Amino acid sequence: MAKNKVICNKNDVDYLTIRKAMTSGARTIDELVELTGVCTECEGCKRELEAILSSVCGCKKVSLEAVVNAVKNGADTVEKVGEVTGAGTGVDEVTGEPCGKCKGLIQNIIDQGR
Ligand code: FES
């Protein structure tokens, strides 16, 4: 699972801030700029923003595209998305407890349909 780290060095925007913006509906770099203040100019922005945006569940390596497709094909709850894609069903490597950190984002994708 990804640990928190600074992604945008110029404006000091970290990974968790970007993930929270995604959970609030950001799906594009322009939307991340608006919600988080990422600069899109520093190396962290250039190298990492697209990859972060394209991933929903780090535990199960499930992409945004896979979750959106599951939703479009009728998965209308977080549990159903998990059954179809595996997203949201990971286990914390340290504690062995269910992770679920991506469930808020999955719910937002269901709510927005994107
Ligand atoms: S990030 Fe999806 S279950 Fe951990």
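## Basis of the report

This is a predicted model, in which local features need pLDDT of at least 70 and side-chain atom pairs count only at pLDDT 80 or more, while totals for chains, interfaces and linings use all residues. Residues are numbered from 1 along each chain as its sequence is written.

## Overall architecture

The protein chain has 6 helices and 4 strands, where helices (H or I, at least four residues) and strands (E, at least two) are DSSP runs numbered from the N terminus. Their order along the sequence is β-β-α-α-α-β-β-α-α-α. With a radius of gyration of 14 Å, close to the 13 Å that the globule rule gives for 114 residues, the protein chain is as compact as a globular protein of that length; the radius is taken over C-alpha atoms, and the rule is 2.2 Å times the number of residues to the power 0.38. The C-alpha trace spans about 40 × 35 × 20 Å along its principal axes.

Of the 114 residues, 31% count as buried, a class that requires 20 or more other C-beta atoms within 10 Å of the residue's own, whereas 12 or fewer make a residue exposed and values in between make it partly exposed, with C-beta atoms placed from the backbone. Among contacts with a separation of 6 or more, 50% join residues 24 or more positions apart, a contact being a pair of residues whose C-beta atoms, placed from the backbone, lie within 7 Å.

## Helix α4 and its surroundings

Helix α4 covers residues 64-72, and its buried residues are V67, A70 and V71. Seen down the helix axis, these buried residues fall within an arc of 100°, so they line one face of α4; the arc is that of the directions from the helix axis to the C-beta atoms. On the other side of α4, E65 and K72 are exposed. The cover over the buried residues of α4 includes β3 (55-57), β4 (62-63), α5 (78-85) and α6.

The axes of α4 and α6 come within 10 Å and cross at roughly 50°, where axes are lines fitted to C-alpha atoms, for helices over the stretch in contact, and angles run from 0 to 180 degrees between N-to-C directions. The two helices, α4 and α6, are therefore oblique to each other, since angles under 35 degrees count as roughly parallel, over 145 as roughly antiparallel, 65 to 115 as roughly perpendicular and the rest as oblique. V67, V68 and V71 of α4 make the contact with I106, I109 and I110 of α6.

## Helices α1 and α2

Helix α1 (residues 15-23) and helix α2 (residues 29-36) have axes that come within 10 Å and cross at roughly 110°. These helices, α1 and α2, are therefore roughly perpendicular to each other. Where they meet, T17, I18 and A21 in α1 face L32, L35 and T36 in α2 as contact partners.

## Loop residues with positive phi

Most residues other than glycine have a negative phi. T40, in the loop between α2 and α3 (43-54), has a positive phi near 70° although it is a residue other than glycine, and T40 is partly exposed, with 14 other C-beta atoms within 10 Å. K61, in the loop between β3 and β4, likewise has a positive phi, near 55°, and K61 is exposed, with 12 other C-beta atoms within 10 Å.

## Selected positions and distances

Q107 belongs to helix α6 (residues 103-112) and is partly exposed, with 15 other C-beta atoms within 10 Å. Q107 and E79 are 28 residues apart along the chain, and their C-alpha atoms are separated by 9.8 Å. D76, in the loop between α4 and α5, counts as exposed with 10 C-beta neighbours inside 10 Å; D76 and G113 are 37 residues apart in sequence and 9.5 Å apart in space, C-alpha to C-alpha.

E50 lies in helix α3 and counts as exposed, with 12 C-beta neighbours inside 10 Å. The C-alpha atoms of E50 and A70, 20 residues apart along the chain, are separated by 21 Å.

Conventions:
Two residues are in contact if their C-beta atoms, placed from the backbone, lie within 7 Å.
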